[in-house]
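Let's take a quick tour of a protein model. Have the sequence and the 3D view open as you read.

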Amino acid sequence: MGLLKEGPLSWTIPSIPCPCGRSHAVSVETLAIGENALDDLQQFLLDRNIRSVLVLDDGHTGPILGDLVQKTLSDADIAVASLRYPASDHLRADHEALAAASQAIRVHPVELVVSVGSGTLTDIARYASYLAHLPFVAVATAPSVDGYASTVAALQFDGVKVTNPALAPIAIFALPSILAEAPWPMIQSGFGDLAGKVSALMDWKLARTLYAESWCDAAYQVVSRSLARLFEAANGLAKRDPESVSVLFQGLVHSGMAMAMMGNSRPASGSEHHLSHYWDFVTYQGRRPYIAHGLQVGYATHFILDLYRELPYLGPLKSPVLPVFDDAWQAEIRMRWGIGANDILREQTAKLEWLTRHQTPDRFQGLDGATIGQALAPEFEQIDTTKRALIQMGIGHALGQFGVSTPILVESLNHAHEVRARYTILDFLRGQGRLGPWLDRLLERFPAS
Ligand SMILES: [Zn+2]
Ligand SMILES: [Zn+2]
């Protein structure tokens, strides 16, 4: 089955320069999703005359696929060294794991690194190979994250999450039958992360419509197309149909590429991600359990979409009131965010500068909620489809789920806009003086769990 195999990915990347004025560099040369993906991997390496590789996997992914990767490459006389992390649900891209990978690269002078796993293993390979100036390719085992094609590595140093510059894999390979056998929460999580792009795209369009934020139609189309295909595949996903799971995986990889095209995460991350980041912070404070990123994003998407649903009833827009950053505000931020307060102050100052620079007296004149709703098509019309699909995938919208109690939900909807400089519907509603009243009504509509 040559399912979804893409050769060179030139179709996603418009001619240089793009009409948006950028030169989009996406370094992923090949994405091969099919049952013969390991043959494709072998051929890919032979074509590039790669004769020695290091395979990184762990006690879960090794027996499932890593052993077969090693055999397939050895059969082609490629010298294979291996580093297998112990089976653990707590593997992190931390100093210890990275040191082990760097050590393995030193001991076995190889030309390329192959990761066999999902988000964490791919990030370990991404960063270790970047430090060693080696290319890497990713063999994916789960459709759980949108970061496979990412150019930054999500690492965890001393308990703190950081993203460091690194390199995207030069190729990504996946077998549909393996993706479909991934643990169900990983498939749910991937779905939640991708479905959240509906609100991310609306946030981007909102900022474009109101403040002329920079836009790229090609990057937008990459994500928008992925969403259209995802909703077509939703029925099959619930049954773990390999073809549908592959559509999810391809959508996740493509949205990672859209981020690489823009050089930031705007096409794939908006207020739903800010809520999720806020909940991570609450987890760090010990006030709720850890929940996988994509599940949080999916749950958050319900609330953001319901805020968007109200837009047509907003009436004429008024010129927004800009926030005032006085001493009292600073003290409040320091109290809430503790050691993270400096980052928050920096992001908020950047956002205020941006708003001030783009705020002209007539910018909101003649606009009303209905016109804004129209500017958000087709995502605005996908609100119900998205919510239905999330529920079908087991990501419901009852209050109190995923460790988010109603008080935490209210707190997060009021403060999630603080985590990033990026403009979203949460900033918009604050500027219109509607966030508070709308939240009260919003909470009445959601069922209790
Ligand atoms: Zn995400
Ligand atoms: Zn562009």
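Predicted model: local features only at pLDDT ≥ 70, side-chain atom pairs only at ≥ 80, totals over all residues.

Residues are numbered from 1 along each chain as its sequence is written, while chains are lettered from A and ligands numbered from 1 in the order in which they are written.

**Domains**
- The protein has domain 1 (36–174) and domain 2 (187–322 + 359–445), with bounds from an automatic or database domain assignment.
- Their C-alpha centres sit 31 Å apart.
- Contacts (C-beta atoms, placed from the backbone, within 7 Å) link 13 residues of domain 1 with 17 of domain 2.

**Core**
- The largest nonpolar core has 122 residues; such a core is a set of buried Ala, Val, Leu, Ile, Met, Phe, Trp, Tyr and Cys residues joined through C-beta atoms within 7 Å.
- Buried means that 20 or more other C-beta atoms lie within 10 Å of a residue's own, exposed means 12 or fewer, and partly exposed is in between, with C-beta atoms placed from the backbone.
- Leu56, Ile172 and Leu248 touch the most other members of this core.

**Helix α15**
- Helices are DSSP runs (H or I, at least four residues), numbered from the N terminus.
- In α15 (residues 383–392), the buried residues are Ile383, Thr386, Lys387, Ala389 and Leu390.
- Asp384 and Arg388 are exposed, on the face turned away from the buried side.

Key:
Contact = placed C-beta atoms within 7 Å. Helix = DSSP H or I, 4+ residues; strand = E, 2+ residues; numbered from the N terminus.
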